[in-house]
Amino acid sequence: MKQLKRIKGTQDILPDASVKWNALEGTIRQVMQCYNFSELRTPVFEQTELFSRGIGQLTDIVSKEMYTFEDRSRKRLTLKPEMTAPIMRAYQENKLYANAQLTKVFYIAPLFRQERPQAGRLRQFHQFGAETLGSADPGADAEIIDTALSVYRKTGITGLKLKINSVGDPLCRIPYKKQLQEHIRPNLEHYCEDCQRRFDENPMRILDCKKETCVALNQKAPKLLDNLCPDCETHYHALKSQLKTLHIEFEEDPYLVRGLDYYTRTVFEITSDALGAQNAICGGGRYDLLAEELGGLPAPAVGFASGIERLIMVAEAQGVELAPLKRLDVFLIGMDTEAKPLILRLLKDIRKAGFSADQDYLGRSMKAQMREANRQNTRFVVIIGTDEIKKNSVSLKLMDKGEQISIPFDNLVAEIKKHYS
RNA sequence: GUGGGUGUAGCUCAGCUUGGUUAGAGCGCCUGGUUGUGGCCCAGGAGGUCGUGGGUUCAAGUCCCAUCACUCACCCCA
């Protein structure tokens, strides 16, 4: 019979890896708590309309990457491809703004996009992120960036680059787009195919093209940063000054454009050159218009999203251990049938005391069991054989020191506590 | 959707150019060297439809075609 396989672009997180995932999720929760973000969990699927309306019809995500299907009642559902829209939906639906003027939430969640997989890009992948809803203050933007960077610092990864930009708001962006199109139009035929396609859909993306000819043509193009309206200008400057106060290094990239429609004003990206072509480990920005787009009350908001798989890739490339080496506290060996019930009792007692403990279930020789204990990086081995039974004692081997001591049967747990380090 | 690369032991890979004994290595695993004692060392052992299907040939892991899978990159994104 044919062996069943996991579907393309998905991953089994095996025991060796899941230890790292758990440790990483732990540091994420810890940092989020310090910054006073609370967890918000949303369903894995939503009405398709949430994303088509929230993210934008013309974006790649909505136009060609969503896992969309009909349920039995012919409702159009979509496996969530990103978290911002669901968070905003939940914020409005549950009227979180009624409890507090300001809502700060974080999430750790699986997301789904049907793309061609490559290094750092899976069809089911995971992001953590934070969103501050209800504030238009540039301080919220700075805090969001600081939060992401704090998580990275805590994990131990280094060498990350922060790029920031402002994409303005409709007030400055709409006239700017026209100005940009006018500038490009005379030379449009010299631009690459992709850029020609972008001309009507999303002219600002043309500035982000990496093709040499396009980069050259873009040299003299007007920059949105030079054409911000006074309010956006003020916001952007306040953000930069707060980042400086926080001693956060950043690079201004006037061509940084994010692919999602809902961004206004602040956008940013954090990259690592330890990654391959997909070098962004974090992306985010402000989305003051999304709330209304989804049919709710106006609510300015800012957030970031960070790829967990990519973070782990960076850690691996840099030799950063996300989790300490796994150790088993106690391995118990019963030498004959008389010892078995005693071992079983001790195993239970040791576990009850909070230590990790295990025994052999394969009927292996003592030598093989010792090897097994060693393989599992065990701290203590407890041995009971006829000698021990006669003396109503157990042998406790301290594996790191190689020493072995004989102790009374009932003192075992206390003795383990004493030698545990 | 487009282009490149790779499929040989549980894992990482050699062998393919120049077809020809029983297809190899390292790591891992198992057994023994110790009547009940791990790591290091030594000795031995198990484990392979050479991705799949077809073709060429006296002979195919090796050459040709097809197909599938994986992978990297483009587009775009975390």
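Which residue in E4 is the bridge partner of Phe 45? Before I come to that, please keep in mind that this is a predicted model, in which local features need pLDDT of at least 70 and side-chain atom pairs count only at pLDDT 80 or more, while totals for chains, interfaces and linings use all residues. Residues are numbered from 1 along each chain as its sequence is written, chains are lettered from A and ligands numbered from 1 in the order in which they are written, and side-chain values use heavy atoms, with hydrogens and water left out.

The partner of Phe 45 in E4 is Leu 79. Phe 45 itself belongs to strand E2, residues 45-47, where helices (H or I, at least four residues) and strands (E, at least two) are DSSP runs numbered from the N terminus. E2 runs antiparallel to strand E4, residues 76-79, and three bridges join them; two strands are said to pair if DSSP finds at least two bridges between them. The open sheet has three strands in the order E2-E4-E3, with antiparallel pairing, and its edge strands are E2 and E3 (68-70), each of which pairs on one side only.

Phe 45 is also partly exposed, because its relative accessible area is 41%, and the classes here are buried under 20%, exposed over 50% and partly exposed in between, with a 1.4 Å probe and protein chains only.

Let me turn to the salt bridges, each defined as a side-chain nitrogen of Lys or Arg within 4 Å of a carboxyl oxygen of Asp or Glu. A search of the whole structure finds 24 of them. In one, Asp 169 pairs with Arg 265, the closest N and O atoms being 3.9 Å apart. This pair links distant parts of the chain, since Asp 169 sits in the loop between strand E7 (160-166) and helix H6 (170-184), whereas Arg 265 is in strand E9, 96 residues apart. Asp 169 is buried, with a relative accessible area of 14%, and Arg 265 is buried, with a value of 14%.

A second example joins Glu 415 and Lys 418, at 3.4 Å from N to O. Both residues lie in helix H16 (residues 412-419), three residues apart, or about one turn of the helix.

Finally, a network of salt bridges links Asp 360, Arg 364, Glu 372 and Arg 375.
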